[in-house]
Amino acid sequence: MASLSEFSFRRWSAWAPAMDDADKWQAWARGEVSLPDHEETAAVRMMPPLLRRRAHPLGRAALEALYAPTLGYADPPIVFCSRHGEMSRSLAIQHALAEEGKVSPQEFSMAVHNAVPGLFLIAKQSRAPIIALASENRLLLSGIIEALAQLADGAPSVILVFCDAPLPMLFRHFIDNEPVCFAFALEMTAGKDYRLIYDDTALSTETAYPLEPASSLPLLRFVLDETQNALPLDGAAGWQLLRLAPESGHA
Amino acid sequence: MLALIDEIKTLIIETLNLEDVTVADIDTDAPLFAEGLGLDSIDALELGVALHKRYGLTLSAEAEETRQHFASVRHLADYVAVHRNR
């Protein structure tokens, strides 16, 4: 029986402003370029306009990643992960409520964390399961554990989506901020490329890794740039993602 | 009445974020929902809010007449013309 903590990523896709091909993402993963500080909204041309109109910029980024031909979405479950979701939408609704006493039904209908993958599945006429996760510091860990659980439950593959965007100005005093709007998707399958481990000896070991991996982007970097062998998933404890050597098999 | 019809079409396009749809694209007599323009129940609620803000109308979501007023742009314009209070 396959290990419950080992897996592979078969395909990936990503969207951020001006990052329109895989080579640019590879260069970013190697640390050669930063994500451009540039205003752009994903076009999502593959989605019917009547559905697309409901998505805001963050949702459009996630939809672009889900529609990407390189991901080849074919009905697996989706684990949708975002620290904050579409905060600008929530804030606008609260302003409208305070000022006019009435909120927009279409804005309200989209103001749930699973709305964007739901919109995608409506467009695809798919009944695939969706779970939507929000977490401040353990988003990567939570998403990976959920996807592993779905594999263990019999799904042949699972799409993990991570996305976030700069917060509205009102919130920026209180919390660190994603500099640009981004989304990426990874198709997780059974395999032996990565292993999720818990190693609390790492607690006492000073490493070069950032201790607050609040952004999910380090996972994409880890997958694309194979020079790192371990990715800490939890600054406060010992969860790590290990890259397994091709010939290592079971340890 | 023609001006009101175009005004309502513009209101529909702006309120519902209908990308790439122009006033000329909306058939005055075609159904707004399902097979016509393709709007859904959330759009109906959104239009209700917009009609209240713009014309002071209060439409009941339950009433059978509401369904008739929303049948097409022409039906909506007829109703707005008679009942508007702003």
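**Exercise 1. List the buried residues of helix 3 of chain A, and find what they pack against.**

*Solution.* Start with the term: a residue is buried if 20 or more other C-beta atoms, placed from the backbone, lie within 10 Å of its own, exposed if 12 or fewer, and partly exposed in between. Helices (H or I, at least four residues) and strands (E, at least two) are DSSP runs, numbered from the N terminus.

Next, go along the helix. The buried residues are Leu58(A), Gly59(A), Arg60(A), Ala61(A), Ala62(A), Leu63(A), Glu64(A), Ala65(A), Leu66(A) and Tyr67(A). That is 10 of the 11 residues in helix 3 (residues 57-67) of chain A, a mostly covered helix.

Last, look at the partners: these buried residues pack against strand 1 (6-15), helix 6 (115-124), strand 4 (157-164) and strand 5 (182-198) of chain A.

A word on the model before you go on: it is predicted, local features need pLDDT of at least 70, side-chain atom pairs count only at pLDDT 80 or more, and totals for chains, interfaces and linings use all residues. Residues are numbered from 1 along each chain as its sequence is written, while chains are lettered from A and ligands numbered from 1 in the order in which they are written.

**Exercise 2. Work out which residues of helix 4 of chain B are buried, and why they lie on the same side.**

*Solution.* First, pick out the buried residues of helix 4 (residues 73-83) of chain B: Val73(B), Leu76(B), Ala77(B), Tyr79(B) and Val80(B). They share the same side of helix 4 of chain B because they cover an arc of only 165 degrees around the axis, taking the directions from the helix axis to the C-beta atoms.

Then turn to the face away from the buried side, where Ala81(B) and Val82(B) are exposed. Finally, find the cover: it includes helix 1 (2-15), helix 2 (41-55) and helix 3 (64-69) of chain B.

**Exercise 3. Describe the fold and dimensions of chain B.**

*Solution.* Begin with the elements: chain B has 4 helices and 0 strands, in the pattern α-α-α-α along the sequence. Its C-alpha trace spans about 30 × 25 × 20 Å along the principal axes. Of its 86 residues, 23% count as buried.

**Exercise 4. Count the residues that each chain brings to the contact, and sort the side of chain A by class.**

*Solution.* Two residues are in contact if their C-beta atoms, placed from the backbone, lie within 7 Å. Chain A gives 9 residues and chain B gives 10 residues. On the side of chain A, helix 2 (49-52) and helix 5 (105-109) are the elements that give two or more residues.

By class, that side has 3 nonpolar, 3 polar and 3 charged residues. Here Ala, Val, Leu, Ile, Met, Phe, Trp, Tyr, Cys and Pro count as nonpolar, Asp, Glu, Lys and Arg as charged, and the others, Gly among them, as polar.
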